[in-house]
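Hello,

Here is the structure I promised to pass on. Please look it over before you read my notes below.

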Amino acid sequence: MQHSYHCHPRLSAGMHGPMVGNQRLHVRQGEVDATCGYHCVLMALMLFGQVRRNALIWDTKDARLVALRKVAQRYYFDGCEVEELQQQLAPYAERVHCKELRSRVIERTLDALEEGKLCLACFSTERYMHWVLAVGVRCEMGERSDLLVLDPAMAPIPLVPWNAMLTGWATKQPRRVVATFSERVNIDAVLVLSPVPWAQEDE
């Protein structure tokens with residue numbers, strides 16, 4: 001079967017997995033925290049050029065990143081839903097537009113990724129809820145089928161610009177597929193992220 005892969009234009013891969021420019025992109029949450037949403041936001045901001053990786057390691061003077069961290073700390077062990085994730089993105093509202101999809105979610109998610117946008121996808125099982133960052137689409141025989149995602153709970157894969165997939169997206173039977181397992185999931189929410197055009201700031 002013929003497959004093709006289409007990722008965000010700023011995304012590449014190296015020996016350490018996903019890259020944006022000369023920076024490692026993937027950031028991984030801890031084993032006991034619930035910061036998947038926060039880590040997905042950080043990866044999205046790096047892809048949009050709003051955060052550099054060294055700012056995540058050293059003390060930063062970026063007031064927006066400081067504000068984001070303060071919000072994220074409130075949900076460190078409890079996790080966050082759509083509203084809390086939107087609060088984390090609020091300091092970057094002048095540069096990054098965030099919109100929750102409420103109708104035709106499957107189709108519009110694929111369209112957004114095809115247009116070079118990013119999607120924060122929340123899914124759940126009977127045991128847990130989890131956020132991933134969708135960065136591209138896999139096609140089968142020319143038809144869009146699966147989401148290529150960055151999963152903050154899993155390690156990056158060398159030379160591959162994603163580390164997990166949500167398969168069966170187009171057939172509305174999504175599965176979380178990572179290197180070591182696959183499981184059926186329910187899609188709870190999708191947020192589309194896109195850079196704010198420069199011209200819009202002068203309106």
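This is a predicted model: local features need pLDDT of at least 70, side-chain atom pairs count only at pLDDT 80 or more; totals for chains, interfaces and linings use all residues.

Residues are numbered from 1 along each chain as its sequence is written, and side-chain values use heavy atoms, with hydrogens and water left out.

Confidence first. The chain has a mean pLDDT (the predictor's confidence in each residue, from 0 to 100) of 92. 97% of its residues reach 70 or more. In residues 199-203 the pLDDT is below 50. Beyond near neighbours in sequence, that stretch has 2 contacts (heavy atoms within 4.5 Å) in the model.

Now the strands (DSSP runs of E, at least two residues, numbered from the N terminus). Strand β8 covers residues 143-150. β8 pairs (at least two DSSP bridges) with β7, residues 129-140, in the antiparallel sense over 7 bridges. Leu-133 stands opposite Leu-150 of β8. β7 and β8 form a hairpin with 2 residues between them. In that turn, Met-141 has a positive phi of about 55 degrees. β8 also pairs with β9, residues 164-167, antiparallel over 3 bridges. Here Leu-148 stands opposite Met-165.

Last, Phe-77. This residue lies in the loop between α3 (63-73) and α4 (82-89); helices are DSSP runs of H or I, at least four residues. Phe-77 has 58% relative accessibility, so it counts as exposed (over 50%).

Best wishes

Methods:
Buried means under 20% relative accessible area, exposed over 50%, partly exposed in between (1.4 Å probe, protein chains only).
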